[in-house]
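Please read it beside the sequence and the 3D view.

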Amino acid sequence: MPVILAIESSCDETSAAVCRNGEILSNIIASQLEHERYGGVIPELASRLHQQQIVRVVEAALSKAGVTQEELSAVAFTQGPGLLGALLVGVSFAKAYAMALDIPVITVNHMQAHVLANFLSPEPPECPFLCLTVSGGHTQLVYVKSLSEMEIVGHTIDDAAGEAFDKAAKLIGLPYPGGPVIDKLARSGNPAFHLFPEPEVEGLNFSFSGIKTSLLYYLQKEIQQNPDFLSQHLEDVCASYQHRIVSILIKKLEKAAKQYKVKQIAIAGGVSANSALRKRFREAGEKNRWKTFIPDFEYCTDNAGMIAIAGYFRYLDQNFADLSVTPYTREI
Ligand code: KG4
Ligand code: ZN
């Protein structure tokens, strides 16, 4: 029964989790709220905060799991993609910890771990399946042939879906991260209030930069005519903007499902916490007779639980790294 300690530090959450035989015993997440005042993640600040938090977070994960250092079989960690300085904290800590305990290290790709978060549910998907992975830095359609073979069949050609939420929030004057704030406001707004344009992108790729620009021009025009426009229609603007992002995502997902002839469809990543996306994904599932999978909220945004399950699968394959491994910042 392997016991794995997992570490995630790719962006602005310092997280550690412990799993025994693929079952999560603890998943501690320290979110760096300090970035909020800057309206986005400051890489240097992220690294410093990871350094300050990592020991405390790992100790909390072990203690909550009721597991001692001696019981650990391996240490899994996010190798990339992410911010270099932030990743370095987790990677260096994990390597030193594993070396001291004389146990192996396991490298995990952060984006693959988002997909594998779906395996933390009691009824996980069966391979092959499709996963729409939507986060702050990535938007990907992934064809999952097996737990270790994933092919990116569609991706964004500019901004990620999460970025479209975050940049819109900044434009409107809402705090960072914008996704959850827009999601909340949109609940009491009218999604048909304004029709945002739909980008024309070939194949299974996405584009989100045009919708953000169109929001900017739309607001400028409306505010010129009525300076109180935004305060009067904040919820409607959020609902309409969110509606378009979700419809872009669902449309491409339906296209990919047809093209790859799959009926098992999952979503993952921070934006999969979005209530409108979850709802319309379920509806698309009923319409197309898909079997749909969504990770629990806790495992949608960045967390070490997903690194633990990805690490566990690699442990079963005895897929260990040596201590010379270094982080990578972009998808490889
Ligand atoms: O996966 P994640 O935690 O970190 C990355 O790997 O990027 O995703 C963070 C992104 C942010 O852009 C955030 O605004 C977005 O996920 N997000 C949401 C919601 N919760 C988080 N976007 C829309 N609705 C939400 N409820
Ligand atoms: Zn992520």
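Predicted model: local features only at pLDDT ≥ 70, side-chain atom pairs only at ≥ 80, totals over all residues.

Residues are numbered from 1 along each chain as its sequence is written, chains are lettered from A and ligands numbered from 1 in the order in which they are written, and side-chain values use heavy atoms, without hydrogens and water.

**The ligand site**

There are 18 residues around ligand 1, and G136, D166, D183, N274 and D302 come nearest. Here a residue is near a molecule if one of its heavy atoms lies within 4 Å of it. The shell divides into five nonpolar, 10 polar and three charged residues. In this scheme Asp, Glu, Lys and Arg count as charged, and Gly counts among the polar ones.

| Side chain | Ligand 1 atom | Distance |
|---|---|---|
| H110 | oxygen | 3.2 Å |
| D166 | oxygen | 2.6 Å |
| D183 | nitrogen | 2.9 Å |

The protein covers 90% of the 550 Å² of accessible area that ligand 1 has on its own. Such areas come from the Shrake-Rupley method with a 1.4 Å probe. Helices (H or I, at least four residues) and strands (E, at least two) are DSSP runs, numbered from the N terminus.

Why does ligand 1 lie between domain 1 and domain 2? Domain 1 (3-115 + 300-316) and domain 2 (123-294) both give residues to its shell. The domain bounds come from an automatic or database assignment.

**The backbone**

Most peptide bonds are trans, and most residues other than glycine have a negative phi. The bond from C127 to P128 is cis, with omega near 0°. P128 lies in the loop between α3 and β6 (129-134). The bond from Y176 to P177 is also cis, with omega near -10°. P177 sits in the loop between α4 and α5. K261 is not a glycine, yet its phi is positive, about 50°.

Technical notes. Polar contact = N/O pair within 3.5 Å; in protein donor to acceptor, adjacent residues only side chain to side chain.
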